[in-house]
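Hello,

Here is the structure I promised to pass along. Please have a look at it first, and then read on for my notes.

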Amino acid sequence: MGKIEWAMWANEQALAAGLIYATGGIVGVAGQFRGWQFAAFGIAAGVFVCLLEYPRSKRAKGTSVERTGQYCFTVCVKAFGPLTRNYYFRAFLHAALCVPGGFMLATVLGSVCLAIASLIYLSAAIHGEHWEPILPRTEPPKRVGESIKEPPQNPPPRPPPELRRKKVDNLETAAYDNPMSVTINE
Amino acid sequence: MGNFAANEGLSIFVILVWLGINVFLFVHFYMAFLFDRYYYTRVILGHALSWARAPAACLNFNCMLILLPVCRNLLSFLRGSIQHCSRTAARQLDRNITFHKLVAYMIAFHTAIHIIAHLFNFERFMDSQLMINSSSLPYVLSQIGNNDNRSYLNPIRSNETNPTIVMFTSIAGLTGVVITLALILIITSSMEVIRRSYFEVFWFTHHLFIVFFIGLVLHGAGCIVRGQTIESEKVHNPIECHSQFETWGQNGTNCPEPVFAGNPPMTWKWVVGPMFLYVCERLVRFYRSQQKVVITKVVMHPSKTLELQMKKKGFKMEVGQYVFIQCPSISQLEWHPFTLTSAPEEDHLSVHIRIVGDWTQAIYTACGGDKTVVLDAWTLPKMAVDGPFGTASEDVFRYEVVMLVGAGIGVTPFASVLKSVWYKHVQENKNVFTKKIYFYWLCPETQAFEWFADLLQSLERQMTEKNMSDFLSYNIYLTRWKDAEAAHLRVQYEAEDDPITGLKQKTRYGKPNWDNEFSAIATQHPGSKVGVFLCGPTALATALGKQCHSHTECGAEFIFNKENF
């Protein structure tokens, strides 16, 4: 199916699952349903998954498009090092988080969506993908040229002074044209 | 602001009508469940019943609509018929994918409301089974129908279960979960990131819509929404009898036990029509794809562009249309759209394919791109072509003055237009409505000029021969260049022919100043309708759209048309 990076789709699915999990949890808690404790867990798990999944990974091939304002999330997620970099870990984490949601109707949908996201992440991990932070490119500012900083040591090559002075009556033998007339330097 | 109404008026009207129908259905069905028939249902559920049924009605409406904008052949046929009456209405059909997305968002929104309301419904049904207390009306109501299992009100029949189990064991619940999952998978794989980069995932996952529609039709089969039967309402008036629930059906009361029944499924009535149309659409596509297509010529252009010239019996096209091409030897399931670069007056159809991904690379190899010997015609792969489908460029010859703007490979529909122009004027000398064409080509690299420059060169020659050099005014803009190239260009500044394209018209550097261009054209053609046609990136579309709306000097009206793939 082409060179699909499964993690890209897993990321979208997990983000959606997190939102649905959290929404189901809010409904369960607000309506004071039976088993609202599972709903409360659903809110916490959903929010956590959203925060984890918000920063998009850098793609292995092609240009990566950031989500708006994802830089601070990228920094937080990056701080966990191999835990967040590895997709096997993410797959198992999502699988674990989705289990309590299955015990209450309000969070079942979020739970199943998260389980599907976990499967797609597993597929991504098997294909050897991993999470890379998208960091702003710290390109060195365009150097105009080293030589600008230091004045030139030698004067530019010029013909000897006698020929440099433009003789008003003898324009053809002048070495070069001056934009302004030059008076003889005595 | 003057052109805004002309450009956007019909779209806004369509959207307002659509939103209006949604609001009407929502309110109407909300109120429909406030009647006495559902009095006892509401005793248990409260207003959550109405909050679930109202979005359900809107979902029926939107699921009916969602299949229609993607019936390409039907739309193409409609477009051809409407065009004779109204150009504006025909242009509206170009925005079909935008409408499809809007309806999809509405489906997602109503699904959310519907599910949340049903969560409350399930919880309240469960609650009323668990209040084991004969002096509670909800409990008494839930016990009705325990004998015959048909006249019941509460779909949860026992108190030893929980809502999750009930959901998975009822038709409505199970189909609901399945179709919601299908919907979520469809939506997440349709995000722009996935769609643009991994089209196959988007396309194959989108076919879950089949699961969605089957589940949708079956969703109401369990008749889980229950209200009092008409016969029961005649003998048992809920307003009078609800307070006497402890003595229903006993001797001496005039309130027999109420009898409940479920509503039959309604969704199939909404969606069967569009489903049938869509099946016809796929059959038409399949039939057209089975027609024999022969590759007559393959040309490799230096800018990683492959030109395929093909012949198909009975193929008719208009300028600027596109086709879907399939190569069974590469992939049975993939159809890719390409704009036709040949003119209707030619005897073959040609497409220029840029080699960017797997499929195009495979086509390149299959057509002998990496070999230097000439291949025999019978070794070339078999192709299938579906189309042609109409897009905005069809309308070019209906405007007196036309601005064509192409960015990079987006110039391809205009290749067809310009070739057709040449044929019409030079060979057949028909009386053409279009009097002047302004052509703008924005390109980031010089190599891409090559195949199109040939076309422009021959046009240029023909126009000068026929003394019509001012019919077509073209401007080519090179938007990126390397320093080394720039040095060469500076030196060649004085040459008569352009060093890049070899044309008499000089290539310009950088981006065009649209304000100046629009003003100049408006002053040159006062009071006329100018058609602006763009095939390029969204940023450029926004810029040109704004220019069209803001330039109304001398009474000229700019109508904006954008190709969308």
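Below are some notes on the contact between the chains, the cavities and the salt bridges.

First, the ground rules: this is a predicted model, in which local features need pLDDT of at least 70 and side-chain atom pairs count only at pLDDT 80 or more, while totals for chains, interfaces and linings use all residues. Residues are numbered from 1 along each chain as its sequence is written, chains are lettered from A and ligands numbered from 1 in the order in which they are written, and side-chain values use heavy atoms, with hydrogens and water left out.

**Where the chains meet**

On the chain A side, 28 residues are in contact with 29 residues of chain B (contact means heavy atoms within 4.5 Å). Together the two chains bury about 2600 Å², and carbon and sulfur atoms give 75% of that (buried area is the accessible area, with a 1.4 Å probe, that two parts lose on being put together, summed over both). Of the area that chain A buries against chain B, 28% comes from W9(A), R34(A) and L105(A), more than from any other three residues.

R34(A) also has a charged partner: its side chain meets that of E123(B) in a salt bridge, 3.6 Å from N to O. The count between chain A and chain B is two salt bridges (a side-chain nitrogen of Lys or Arg within 4 Å of a carboxyl oxygen of Asp or Glu).

Which helix gives the largest share of the side of chain A that touches chain B? That is α1(A), with eight residues (helices are DSSP runs of H or I, at least four residues, numbered from the N terminus). By type, this side of chain A has 17 nonpolar, five polar and six charged residues (Ala, Val, Leu, Ile, Met, Phe, Trp, Tyr, Cys and Pro count as nonpolar, Asp, Glu, Lys and Arg as charged, and the others, Gly among them, as polar).

**Cavities**

The whole structure holds two cavities of 30 Å³ or more (sets of points on a 1 Å grid over the protein atoms alone where a 1.4 Å probe fits but cannot get out; lining residues have an atom within 4 Å of a point). The second largest cavity is lined by residues including M8(A), R56(A) and V193(B).

**Within chain A**

Over all chains there are eleven salt bridges. In one, the side chains of R85(A) and E132(A) meet at 3.0 Å, N to O. R85(A) lies in helix α4 and E132(A) in the loop between α6 and α7, so this pair ties together parts that are 47 residues apart in sequence.

Best wishes

Conventions: Helix = DSSP H or I, 4+ residues; strand = E, 2+ residues; numbered from the N terminus. 1 Å grid on protein atoms, 1.4 Å probe; cavity = no way out; pocket = protein on both sides within 12 Å on 5 of 7 lines; lining within 4 Å. Points joined across faces, edges and corners; volume = space filled by probe spheres on them.
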